[in-house]
Amino acid sequence: MAHVTLKLGTSLDGRIATAAGESRWITGEAAREQVHRLRAEHDAVLVGIETALADDPELTVRVAGYNGPQPARVVLDSRQRLGSERRLVLSAREVPTYVVATTPAEPRLTGAGVKVLTVRAVGEDRPELKTVVEALGKEGLSRIFVEGGGQVAASFIRCGLVDAIEWFRAPVLIGGEGRPAVGALAIAALAAAPHFRRAEVRELGPDLWERYEKVGHGSPD
Ligand SMILES: NC(=O)c1ccc[n+]([C@@H]2O[C@H](COP(=O)([O-])OP(=O)(O)OC[C@H]3O[C@@H](n4cnc5c(N)ncnc54)[C@H](OP(=O)(O)O)[C@@H]3O)[C@@H](O)[C@H]2O)c1
């Protein structure tokens, strides 16, 4: 069965980037290293296309002494906007790389070794997430590590698909104009808000690492 972990790397006020999109590096070295260890515990690391375009990430496990398998990389990208010059595409023959789209596979991406999964669309013609999780499961990818950004985090939460949160919080304030870690959830009443139970808190250098497990909807009390 699928297990989805949401990773958030935020300021104290829950922002993942400045208004201009600058996000490197909010959290410190120890937190970043822990994120890499968590990647290694998952089958796939998933991001939204805006994160892939803004940060051009590799999404690999880079920890001294680690020589285990690399998790697959997955980009939610309805219209296949991921450019051929991006690191994820350039390294697709070395590390399994998926684009989840709602349009037929682009030869530009498949020719570079990217596997394009075309799935059912909902709302703004975006991949329907339960279908995405099922499609990834068929590829043998059931432990999924969602690394953002805010829109993708909100979509997974809205669908009730987030089983755990790994929250890395840096002692910095970015302010309300910064980009929120979790986008709009369309929650009308607090009773309907998804609740989580804190399982663990640790200090990682200057940052805090909080681990949460899903409780369900409504207050745990
Ligand atoms: N601090 C951190 O740890 C951290 C981590 C990640 C990102 N960031 C920052 O966050 C910013 C990007 O975040 P963002 O919220 O703007 O974008 P995002 O969540 O990375 O990507 C959103 C895009 O993904 C596509 N998408 C496809 N299926 C989707 C679905 N079911 N639900 C939602 N989106 C879907 C949509 O584009 P299409 O409609 O074209 O498919 C949507 O515009 C960047 O500045 C990045 O640097 C920071």
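**Exercise 1.** How many residues surround the ligand, and which are the closest?

*Solution.* Keep in mind that this is a predicted model. Start by counting the shell: 28 residues surround the ligand. Next, pick out the closest ones, which are Thr51, Ser78, Arg79, Arg81 and Ser155. Now zoom in on two of these: a side-chain N or O atom of Ser78 sits 2.5 Å from a ligand oxygen, and for Arg81 the distance from such an atom to a ligand oxygen is 2.8 Å. Finally, check the cover: on its own the ligand has 930 Å² of accessible area, and the protein covers 92% of that.

**Exercise 2.** Work out what the shell around the ligand is made of, and which element gives the most to it.

*Solution.* Sort the residues by kind, and you get 8 nonpolar, 11 polar and 9 charged. Then look at where they come from: β1, β2 (15-17), α2 (49-55), β8 (126-127) and α6 each supply at least two. The top giver is α2, with 5 residues.

**Exercise 3.** Find the largest nonpolar core and the elements that build it.

*Solution.* First, the size: this core has 30 residues, and Leu6, Leu46, Leu76, Leu136, Val146 and Phe156 have the most contacts inside it. Second, the elements: those giving two or more residues include β1 (3-10), β4 (72-76), α5 (129-138) and α6 (150-158). Of the elements, α5 gives the most, with 5 residues.

How values were computed:
Residues numbered from 1 in each chain as written. Predicted model: local features only at pLDDT ≥ 70, side-chain atom pairs only at ≥ 80, totals over all residues. Heavy atoms only, no water. Core = buried A, V, L, I, M, F, W, Y, C linked by side-chain atoms within 4.5 Å. Buried < 20%, exposed > 50% of the residue type's maximum accessible area, 1.4 Å probe, protein only. Helix = DSSP H or I, 4+ residues; strand = E, 2+ residues; numbered from the N terminus. Near = heavy atom within 4 Å. Polar contact = N/O pair within 3.5 Å; in protein donor to acceptor, adjacent residues only side chain to side chain. Areas by Shrake-Rupley, 256 points an atom, 1.4 Å probe, with all protein chains shown as cover. Nonpolar A, V, L, I, M, F, W, Y, C, P; charged D, E, K, R; others polar.
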